[in-house]
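Subject: Structure handover

Hello,

Here is the structure for you to look over. My notes on what turned up follow below it.

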Amino acid sequence: MRILWFVLSPLMALAVGLFFLGLSRRFMARIQWRVGPPLYQPLIDILRQFTQKSVSHGPLFDLGVVLSLASSFIVVLFMPLGGTAPLSSSGGLLAVLYLMLLGPLGIALSGGEAANPNVSIGISRKLILAVGYEVPFLMIVLALMTYYGTISIGEIVAAQRESASAIASFPLVFSGIAYLLILPAMLGVRPFEVVGAAQEISSGPAAEYGGPYLALATIQHGLTMFIGISLFVNLLWGGASNPVVFFLKMLVVFAFGFWVNAAFPRLRVEQAVRYLWRWPTLIAFVGLILVATIGR
Amino acid sequence: MSFLHDYVYYIGAFGLVAIGLLIILVKRNLIKLIIGLSILDTGVNMFLISVGYIRRGTAPIFSRPGLEPDGMVDPVPQALVLTAIVIGVAILALALALAVRFYKTYGTLDLRKAKELRW
Amino acid sequence: MDRNQLMKWIKAPTKMAHKYSLNAVYFCTGCGVIEVPPTITSRWDAERFGVVPTATARQANLFLITGYVSVKTLRAIIRTYEQMPEPKYTVGFGSCTINGGMYWDSYNTINQLDKYIPIDGYIAGCMPRPEAIFVAVTHLWTLIDKDMADGYKRYRKNYAAYRANQEMILGEMEWPPIFQTEVATAITEREG
Amino acid sequence: MVSPVLLLAVPLGLALCVPLVGRVSRRAAGFVPVIASLFNLVVSIRLLPTVLEEPIVANLGGFPPPFGITLFAGPVGMLLSALIALAGLVVSLYALSYIKTGPTVRYHTLYMLLLVGATGVVLTGDVFNLFVFFEILCISSYALVAYVGDRAGIEASVKYLIQGALGSALLLIGIGLLYGLFGTLNMADIAARIDSVDSVPVFVAMALIVVGLGVEAAIFPLNAWLPDAHSSAPSSISAILSGIAIQVGLYAVVRMVFTVFGASSVLLFFVFLGLLTLLIGELCAFAQNNIKRMLAYSSIGQMGLIMFALAIATTGSVTGGLFQMVSHTLSKALLFLAVGYMVYRSGSLEISSLEGMGRRMPLTSFAFTIGVFSLVGLPPFIGFPSKLLIVRSALAEQGVLLQVLIGLVLLATVIEGAYFFRVIQTVYFKKEEGQEARQDAPPMALLSMFVFVAFIVVIGVYPNLITDVLESGASELLERANYIGSVLG
Amino acid sequence: MSLGLLLIVAFGGSLLTYLLGKVSARTRDAFAVLISLALVVMVASLYGKAFRVPFYGGFLGMPLVLRIDGLSWLFAIAASVLGCLSVVFSLGYMKGKERTSFYYSMLLLVIAAMLGVVLSGDLLSLFIFWEIMSWSTFLLISYNGGPALAAGMKYFVMSFVGSLAMLAGVLTLHGSFGTLEFTGVAAGMSSASPGYVLAILVLFGVAFGTKNAIWPFHAWLPPAHSEAPSPFSAVLSGILIKMGVYGFLLLMFVIVGLRTFLSLGVGRIEFHTVLSIIGAITILLPTFIAIFQNDAKRLLAWSTVAQAGYIILGISFGTSLSVAGGMFHFLNHAVFKALLFMVVGAVEYRTNGVRDLDSLGGLIKRMPVTFIVAVIGVCGLIGVPLTNGFVSKWLIYKTLILERSPFLAFAALFGTWGTILYSYKFLHNIFLGQLPQRYEDMERAPFTMLLPMTILSVVVVLFGVLPGIPLAVIDTIGVSFGFESLHVTPWGIASDTGALNTVNMLVAALVGLVVVWCVFRSGARSVSVGQADSYAAGAAVPRDKYQYSVRFYAPLRRMMAPYLKDFVDSFYMRLAGWVRGLGDGLRRIYTGYVGDYVMYILVFLAVLIFVQIAWSPW
C-alpha cells in the first residue's frame with residue numbers, strides 16, 4: 001500500500017495542482033465576467049512549452065529547475081493525502097519546512113545563472129516575501145507542533161481526528177486564522193504576486209524560462225499551490241480519511257484563496273511584508289503564546 | 001616661654017624648612033628655586049643637629065675624666081649632618097650645573113617656559 | 001469540441017497544443033496596440049482561445065507586430081523575435097507592416113517588415129478591430145494545421161539574407177548572428 | 001666566605017677607577033661596568049643559597065648592631081642585588097655599542113655609581129645608610145638623564161632633580177625624626193622598639209619617609225618626574241631607571257613600612273594607592289603617542305601593581321609582588337633597550353614612526369614583542385606566572401573588596417594589553433610607504449636583548465626556578481621578628 | 001601515542017617552520033603540510049582512548065596534566081583536520097605574499113595551541129594554551145594590515161577580557177579546591193553552593209562566550225573574520241571560535257555536571273534557560289545583520305555569529321538531543337563555514353583581493369568547481385536536507401519543540417530563513433548573474449585550493465547522508481555526560497516520535513530528480529547560449545551594466561535597517577573612546593610645570609598627616 005502511495009501521491013498532486021491552475025484561470029475569468037479558457041488549458045500550455053525549443057544558460061540553469069520540481073514532489077511524499085504519507089518517518093514537519101525551501105531555492109539558483117536582472121529582482125522579492133510570511137507561518141507550525149507534542153504530520157492529523165480539528169479548537173483557532181491570512185502569500189497569488197510581476201519585471205524568476213523550463217516551472221507552481229493548501233487541510237482542518245474528502249476540503253480552501261486573488265490589487269513587497277508582519281504575525285503570536293502557556 | 005626655650009632650634013629648623021618649601025612652591029626662577037632647596041637642606045640639617053643637641057652639653061669626647069655620657073651632645077646626628085651636607089653640596093653643584101645648561105638651552109631661567117615635557 | 005478536432009488532437013498533440021496555446025509577447029510598436037487590451041479583456045476575451053499575453057519573449061510563441069515599425073523599434077523587434085523559442089509565429093498588424101501604410105515615405109519607418117523578419121500572416125486595415133485579430137488567430141490555426149506557419153524555418157534557412165537586410169538598415173548590430181553567417185557576408189558583398 | 005660587603009666595595013672601587021681607565025682607553029672604560037656587574041652577579045648568585053638558609057648580617061667597621069652600620073643580606077636583598085647586577089650587566093653590554101658620543105667615561109662612572117647606590121639600598125640595614133645610597137642612586141640618575149644634553153634631557157633632569165631633592169629632604173627629616181624618637185638608626189633596632197612610642201610622631205615619620213622614598217618609587221601623586229625622565233634619558237638609562245631605580249625605591253618603601261614600622265594598618269591604604277597608581281599609569285599610557293613616554297607610564301602602572309600585590313601582605317601576594325618586580329625588570333628593561341635602537345633608526349619617538357620596523361629590524365622587533373607579551377602577562381613568558389601569583393593570592397583572600405579590586409587590576413591589564421598591542425601592530429603590520437633596507441641593532445645590543453629574552457622565556461616556562469627565593473623573600477619581608485632577631489642576634 | 005609528543009610535534013613544528021622558511025620556501029611549505037598531516041594522523045590514532053598524563057610537575061605549585069577522552073578527541077580531530085586543510089589551502093593563497101614564514105608558523109602555532117586547549121587535563125594548562133592561542137590569533141588577524149589592525153585590536157581586547165575573567169575563575173577554583181584537574185574540580189563543584197557555581201559559570205562564560213562570539217560578546221568577530229587571511233578565517237570560524245563551545249561543554253557537563261547545571265539559577269530564572277535565550281538572540285540579530293552585508297567575508301562572519309548561536313542554544317538547552325545537536329552543529333559548522341571561507345579565499349585569490357559583493361558576479365562560468373563546492377557549503381549552512389547542517393539543526397529543533405519551547409524554536413527556525421537570504425545573496429552576487437568583462441580571462445582556482453574545498457564538501461554531503469558516523473561519536477560523549485543514548489543508526493536517529501531517516505530522503509530525492517530529469521529531457525532540446533543572449537526587453541545586453549546585485553535586498557533593508565544597528569558594538573567602541581578620553585584627561589595632571597609637581601608632593605604629605613591627626617584611621 002505504501003509503495004503504491006509513493007507513486008500515487010505525486011501523481012495526485014500533479015493532477016490536482018494542474019487542475020487548480022486551470023481552475024484558477026477559469027475562476028478568475030468568471031469573476032471578471034469572461035468565459036475563460038477551458039479547465040485543461042494548463043495542460044495544453046505545458047504541452048506546448050514542452051515542445052518548444054528554448055535556450056539554456058548553463059548546466060545549473062537546467063538542474064535548478066529540475067531540483068525545484070523534484071523537491072516539490074518530495075514534499076508531497078511527506079503529506080498524508082487522506083491516507084498515510086509515504087515518507088512519514090523521515091523527519092516530519094521539520095523536514096517539510098526545509099524541503100519547501102528547495103523549490104524556490106532551485107528556481108533561484110537556476111534563474112541566477114540566467115544572468116538576467118529581472119530574474120534577480122524577482123528572486124530577491126521572492127525571498128523577502130518568504131521571510132515575510134515565514135514569520136507567521138513558523139509561529140503557526142510551532143504552535144501546532146507544540147500543542148500536539150509531535151513533529152510528525154501524520155500524528156497531528158491523527159490527533160485531530162480524535163478530537164476536533166485544530167481550527168475549531170480553542171487556542172489553535174488563532175493559528176488557523178493566521179494561516180488563512182497568509183495563505184495568498186504562500187500560494188503566491190494576488191495581493192502577493194509581486195514576485196513574478198509580469199508587467200514590471202517580466203515575470204521575475206521565470207523571465208528566462210521558455211520551453212520545457214517554463215513547463216517545469218508551471219508544474220512547480222501548481223505543486224506549490226497544492227502543498228500550501230494541503231498543509232492547511234492537514235494541519236488545521238484535520239486532514240481526511242480518504243483522498244476524495246481531502247480534495248473537497250482543498251477545494252474550499254482554494255476557493256477562499258482565489259477569492260482574495262480576484263478581489264485585491266497587488267501590494268509592493270514592503271507593503272506585503274509590513275502586512276504579513278502585522279496582523280497575521282500578531283494573531284499567530286497570540287496563538288503561540290496561548291499554546292505555550294495553556295497547552296493542551 | 002619654656003616652650004620657645006626648649007624648642008627654639010626646632011622652630012628655627014622648621015622655619016627654614018618652611019621657607020625652603022615656600023620658595024620651591026612659589027618661585028619659578030630656577031636659581032631661586034635652587035636657593036630654596038639649599039635653604040631647605042639647611043633647615044633639615046639644623047633639624048638633625050637639634051635632635052642630638054643638649055643645651056649646655058659637652059662635646060662627645062671623653063677628653064677629661066668626669067664627663068658623663070648623659071651630658072654629652074649626641075655625636076651621631078653630627079656625623080649624619082656632615083654626610084648630609086656633602087650630599088646637599090653635590091646636589092647643589094649638579095643643580096647649578098644643570099641651571100647653566102638650562103639657561104643655555106632655553107635662554108631663560110623661568111621654569112614655566114620649560115613645559116615641553118608634559119602629559 | 002467536435003469530432004474532427006478530437007481526431008486531430010489524437011493524431012498530433014503537439015501541433016494542437018501549439019495551436020491552442022498562443023502566447024503573445026507584450027510588445028507595442030505603433031497605434032495598433034490600442035486594439036489589444038479590449039481583445040484580451042472581458043469584451044472579447046481572447047483567453048478562451050488560449051491567447052494570452054506573456055511578459056517575456058522566452059515564454060511566447062506569438063508575435064503581434066502592432067502597427068508601423070520605426071527603425072529603432074525594428075532593432076527591438078528583431079531581438080525579441082530571435083529570443084522567442086521555436087516554433088514561433090508572427091502576425092503583422094495593419095497596412096504599415098505590409099507596405100508602410102501612411103508612413104510609406106517616412107524617413108524613419110520601414111515599409112516592408114518581412115524583409116527583416118518572416119511574417120506568417122497580416123491583418124489588413126488601419127487599424128484592424130479586435131474581431132480581425134480573432135480572424136487572424138483562426139487563420140493562423142489553419143496555417144499551423146497545414147504546417148504553413150513556417151516563418152521560423154524560413155528565418156533559419158535564409159538567415160544570411162535577413163541578417164544582411166537588417167544590417168543594411170540598422171548598421172552594426174550589438175549582438176552576433178544567431179546562426180552561421182558565412183553566407184551572409186557573401187551576400188552583402190555581392191550586393192555591395 | 002664571601003662577604004656581601006664586596007658587592008658594594010668592589011663596584012664602588014671600580015667606579016672610581018673608570019676615569020683612570022678612561023685615560024688609557026675610552027673604549028676600555030666601557031668594560032669596567034661589565035666586569036663589576038659580572039662580579040656582582042656571580043657573588044650574588046653564589047651567596048643566594050647561603051642567604052636562603054640564613055640571612056647574612058655584615059657589620060661595617062666591626063661594631064655590633066645597633067651601633068655600627070649593618071648590611072643585611074636577606075633573600076630579598078640578594079635577589080634584588082642579583083637582579084640589579086644582571087640588569088646592570090646586560091645594559092652595560094648594550095651601552096658598549098649604544099653610548100658612543102659624549103663624555104662616555106663619565107657615563108660609565110655615573111652608571112656604576114647608580115648601580116652601587118641601588119645595590120646599597122637593597123643591602124643596607126641602616127636607615128641613614130639607606131638615605132646615603134639612595135642619594136648616590138638619585139644624583140647619578142639626575143646626571144645621567146641629562147646625559148645627551150638636549151632640550152628634553154635638561155628639562156627632565158632639572159625637574160627630576162627638584163622633585164628628587166625635595167623628596168630626599170623630606171626623607172631626611174623623617175630619618176631625623178626617627179632618630180629623635182629612638183636614638184638609633186639601625187632598622188632592626190627601630191623595628192624592635194617601634195611600639196614603645198606614641199603613634200603620631202611615628203606616623204609622621206613614616207609619612208615623611210614614605211613620601212620621600214615614594215618620589216623615587218613612582219607612587220601616584222609623586223611620580224610626575226618619571227615620564228619625563230624616562231622618556232628623555234638615553235634608552236640604556238631608561239632601562240635601568242625603569243628596571244632598577246624605581247623598583248629599588250619601592251623596595252625601600254616596603255622595607256620601611258613592613259619591617260621598620262610594621263604598619264599593617266596602613267596596608268589597605270597602600271592597596272588602594274597601588275591600584276590608583278596602576279590605573280592612572282595605564283590610562284595615561286593608553287593615551288600616549290610617544291613610545292618611550294608610553295613605556296614610562298606603563299612603568300608607573302607596573303609599580304602600582306607591584307605595590308598592590310605587596311600591600312596585600314600575604315605570603316603569596318608578596319611572592320607575587322617580588323616576582324612581578326623580577327618580571328618587570330626583565331621585560332621593561334628589554335623594551336627600553338629594544339625601543340632604544342628602534343627609535344634611533346627611525347629618528348622619532350612617535351609610535352607611528354615605528355611602522356615597518358618588523359622588516360627593518362626583525363630581531364629587535366622580535367625582542368620587543370617578547371617584552372610586550374611578557375609585560376602584558378601572556379604565557380609562556382615571565383609576566384604570566386607573576387601576574388598569576390598576584391591574582392591567585394588576591395583571590396585566595398576572602399572578601400568581596402579584594403575581588404572587586406582584582407577585577408580593576410585585570411581591567412588595567414586589559415588597557416595595558418591594548419596599548420602595547422597597538423605598538424606591536426604598528427611595528428609589524430602597518431604598511432609603510434618607502435621600503436628601507438634591513439638594518440638591525442648592532443650585535444652587542446642584540447646579544448644583550450636576547451639575554452633578557454632568554455631569561456624571560458626560561459623563567460616563564462619554569463617559574464619554579466626562582467619561586468623558592470621569592471617565597472623566602474616574602475617571608476623575610478612579612479616576618480619582622482625574624483628580621484629583628486637575625487640582625488640583633 | 002603520547003599526548004606530550006603530539007604537542008611537542010605541534011609546537012616544535014611551528015617553530016621549525018619559521019626557521020625553515022629562512023632556508024627555502026618550498027621546503028617550508030612541504031614541512032608545514034607534513035606537520036599538519038602528522039598531527040591529523042596522530043590525533044586520529046588516539047580515537048577511542050581515554051587517559052591522562054601529567055606533563056609538568058608543578059607550575060607555581062599547580063601540576064599540569066594532559067588528558068584525552070571522547071570530547072577532546074572530537075575537537076582535536078576537527079582542529080587538526082581543518083588546520084591541515086587550511087595549510088594546504090594556504091599553499092596557493094599565500095603564494096607571493098610577504099612574510100609567509102611567519103604566517104605558516106603562526107598558523108601551525110594556532111593549531112598547536114588549539115590542540116593544547118582540548119587536550120589539557122587541568123584548568124591552568126587550559127588557560128595557558130588558551131592564551132597562546134589568543135595572541136597567536138591576534139598576530140594572524142592583524143597580518144593583513146590596514147583595516148585588519150583595528151580588527152585585531154578589537155579581537156585582542158575582547159578576548160583578553162574574556163581570558164582574564166577565566167583566569168579569575170580558574171584561580172578562584174584553585175583557591176577553593178586546591179586542585180585544578182578537571183576531575184578534582186568536578187568533585188569539589190558537586191558540593192559547592194549554587195551561588196558559587198553560578199559565579200564560576202559566569203566568569204568562565206565570559207571567556208568562552210567571547211571566543212564563541214555569543215551576543216553580546218560577538219563584536220570582535222565580524223571584523224576579525226573578514227580581515228584575516230582567508231585560509232585563516234576558515235580556521236578561525238571553523239574551529240577556533242569553537243574552542244568556546246569546547247569550554248562550555250567542559251564546564252557545563254564535566255566540571256559542573258549535568259544535574260547541577262540544569263538546576264542552577266536565581267529564583268525561577270534558570271541559568272541554562274538564560275543561556276539558551278542568549279543563544280536565540282545570537283541567532284536572530286546577526287542573521288539579519290548578515291543579510292545586509294556587502295563584504296563576502298563579513299557576511300560569512302556574521303553568519304558565523306549566528307551559527308554559534310545555534311550551537312550555544314543546543315548545548316545550553318540541556319537535553320540529550322539538543323546537546324548532541326549542538327555538538328554536531330559545531331562539527332558541521334566547522335566543515336561548511338571553513339569551506340565557504342575557502343571559497344571566498346579562492347575568489348579573492350583570482351580577483352586580486354576583491355570580495356565586495358557588489359562588484360563580483362558570474363564567476364560560475366570561470367570557477368565551476370568552486371561554485372559547486374560553494375553551493376554544497378551553502379546548502380549545509382542553510383541546512384538543506386541531505387547535507388550535514390540539516391541533521392544537526394533538526395535535532396535542535398526537534399528537542400525544542402518536544403520540550404515545549406516554541407519561542408526558542410521559532411528563533412532557531414526563523415534564523416534559518418534569514419540564512420537562506422544571505423547565503424543566496426552570497427552565491428548570487430559572487431557566482432551568478434553577469435560576468436563582468438574584467439574577469440573574462442580568469443582562471444580556475446589552483447589545485448591546492450580545490451583539494452581542501454572538495455574534501456570539505458564531500459564531508460558536508462557525507463555527514464548529511466550518513467549522519468550516524470559523527471553522531472555515534474557524539475552519542476558516546478553525550479552518554480559520558482550523563483545523557484540518555486540517542487539510538488543512533490547510520491542514517492539518522494531511531495526514536496519514538498518523528499524519527500529521522502536520511503536514506504529515505506536520499507532515495508526519494510534521487511528518484512525524484514531522475515524522474516523529473518527524464519521528463520525534462522523528453523521535452524525539446526534547448527540551445528546553449530551565453531550571457532549576452534538574455535532577455536533585455538528587446539535590446540542587446542549592455543556590457544558590465546546588466547546586473548542586479550547592489551543592495552540586493554533593498555526593500556527589506558528599507559524596512560529593517562533602523563532596527564538592525566549593532567548597538568553592542570557601538571557601545572564597545574564608545575567605551576573604548578571613553579577610556580581613551582579618560583586617559584587623555586587624566587594625563588593632564590602632569591602639567592609640565594615643576595611647581596605643580598612639588599605641590600602634589602607636599603599636598604600628598606600634608607593630606608597623609610592631616611588625615612592621621614584628624615581621624616587617625618590607622
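A:Val55 has E:Val527 as its bridge partner in β8(E). The strands involved are β1(A) and β8 (residues 527-528) of chain E. Two bridges join them, and they run parallel. Please keep in mind that this is a predicted model.

Six pairs of chains touch, and chains A and E make the most contacts among them. Chain A puts 70 residues into this contact, and chain E puts in 62. Several elements of chain A give two or more residues to the side that touches chain E. Among them are β1 (55-56), α3 (59-78), α4 (92-113) and α9 (212-236). α11 (269-276) and α12 (279-293) of chain A are also on that list. The largest share comes from α5(A), with 16 residues. By class, this side of chain A has 44 nonpolar, 20 polar and six charged residues.

Helix α5 of chain A turns up again in the core. The largest nonpolar core has 658 residues. α5 (residues 117-148) of chain A gives the largest share of this core, 20 residues. The residues with the most contacts inside the core include A:Leu144 and D:Leu334. Chain E is on that list too, with E:Val110, E:Met114, E:Leu115, E:Leu339 and E:Ala412.

What does E:Ala412 touch, leaving aside residues up to four places away in sequence? Its contacts are E:Ala280, E:Ile283, E:Tyr310, E:Leu313, E:Ile396, E:Tyr397 and E:Leu400.

Chain E also holds an open sheet of three strands. The order is β5-β6-β7, and the pairing is antiparallel. Why is one side of β5 (488-489) and of β7 (500-501) of chain E left without a neighbour in the sheet? Both strands stand at the edges, each with a single partner strand, so one side of each has no neighbour there. β5(E) is joined to β6 (residues 492-493) of chain E by two bridges. In that pair, E:Val488 stands opposite E:Ile493 of β6(E).

Next, chains B and D. Their contact takes 26 residues from chain B and 27 residues from chain D. On the chain B side, the elements giving two or more residues are α2 (30-52) and α3 (75-106) of chain B. α3(B) gives the most, with 13 residues. This side of chain B has 21 nonpolar, two polar and three charged residues.

Two pairs of chains stay apart. Chain B and chain C share no contact, and their closest C-alpha atoms lie 69 Å apart. Chain C and chain D do not touch either, with 46 Å between their nearest C-alpha atoms.

Last, chain C on its own. The domain assignment gives domain 1 (3-152) and domain 2 (158-192) of chain C. Their C-alpha centres lie 24 Å apart. The contact between these domains takes ten residues from domain 1 of chain C and seven residues from domain 2 of chain C. On the domain 1 side, six of the residues are nonpolar, none are polar and four are charged.

If you open one view, start with A:Val55 and E:Val527. Then follow α5(A), which gives 16 residues to the side of chain A that touches chain E.

Best wishes

Note on methods. Residues are numbered from 1 along each chain as its sequence is written. Chains are lettered from A and ligands numbered from 1 in the order in which they are written. This is a predicted model: local features need pLDDT of at least 70, side-chain atom pairs count only at pLDDT 80 or more; totals for chains, interfaces and linings use all residues. Two residues are in contact if their C-beta atoms, placed from the backbone, lie within 7 Å. Helices (H or I, at least four residues) and strands (E, at least two) are DSSP runs, numbered from the N terminus. Ala, Val, Leu, Ile, Met, Phe, Trp, Tyr, Cys and Pro count as nonpolar, Asp, Glu, Lys and Arg as charged, and the others, Gly among them, as polar. Two strands pair if DSSP finds at least two bridges between them. A nonpolar core is a set of buried Ala, Val, Leu, Ile, Met, Phe, Trp, Tyr and Cys residues joined through C-beta atoms within 7 Å. A residue is buried if 20 or more other C-beta atoms lie within 10 Å of its own, exposed if 12 or fewer, and partly exposed in between; C-beta atoms are placed from the backbone. Domain bounds come from an automatic or database domain assignment.
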